[in-house]
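Please consult the sequence and the structure shown here.

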Amino acid sequence: MAVSVLTIAGSTIARPAVRIVLDRWDVNLDGPSELTFTEFGANLPGTFAPESGVTLTIGGVLSFSGRIFTRQAGGIGSGA
């Protein structure tokens, strides 16, 4: 099984320790792709600011690169 590494704002995220779960990764061939994650136990407005850079590397290969463009009251942030 390939190991995935999430970075936000240049910091590698230890997902179990900071309670971040990757929810969905939509790959769009005709537009921007989207990675959705949930941050549990964070106070509003959340830990990560809009426009923070987000990358997801799977098995050593950069698979997603984008920025946070929205935060929702449920603690969900999305990158595109």
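**Nonpolar core**

The largest nonpolar core comprises 11 residues: Leu6, Ile8, Ile13, Ile20, Leu35, Phe37, Phe48, Val54, Leu56, Phe64 and Ile68. At least two residues of this core come from each of strands S1 (4-8), S4 (34-39), S5 (53-58) and S6 (61-71). A nonpolar core is a set of buried Ala, Val, Leu, Ile, Met, Phe, Trp, Tyr and Cys residues joined through side-chain atoms within 4.5 Å; buried means under 20% relative accessible area, exposed over 50%, and partly exposed in between (1.4 Å probe, protein chains only).

**Basis of the model**

- The model is predicted: local features need pLDDT of at least 70, side-chain atom pairs count only at pLDDT 80 or more, and totals for chains, interfaces and linings use all residues.
- Residues are numbered from 1 along each chain as its sequence is written, and side-chain values use heavy atoms, with hydrogens and water left out.

**Architecture**

- The chain has 1 helix and 7 strands (DSSP runs of H or I, at least four residues, and of E, at least two, numbered from the N terminus).
- Their order along the sequence is β-β-α-β-β-β-β-β.
- Of the chain's 80 residues, 26% are buried.

**Confidence**

- Mean pLDDT (the predictor's confidence in each residue, from 0 to 100) is 84 for the chain, and 89% of the residues score at least 70.

**Positive phi**

- Ala9, a non-glycine residue, has a positive phi of about 55° and lies in the loop between S1 and S2 (11-13).
- Glu51, also other than glycine, has a positive phi near 80° in the loop between S4 and S5.
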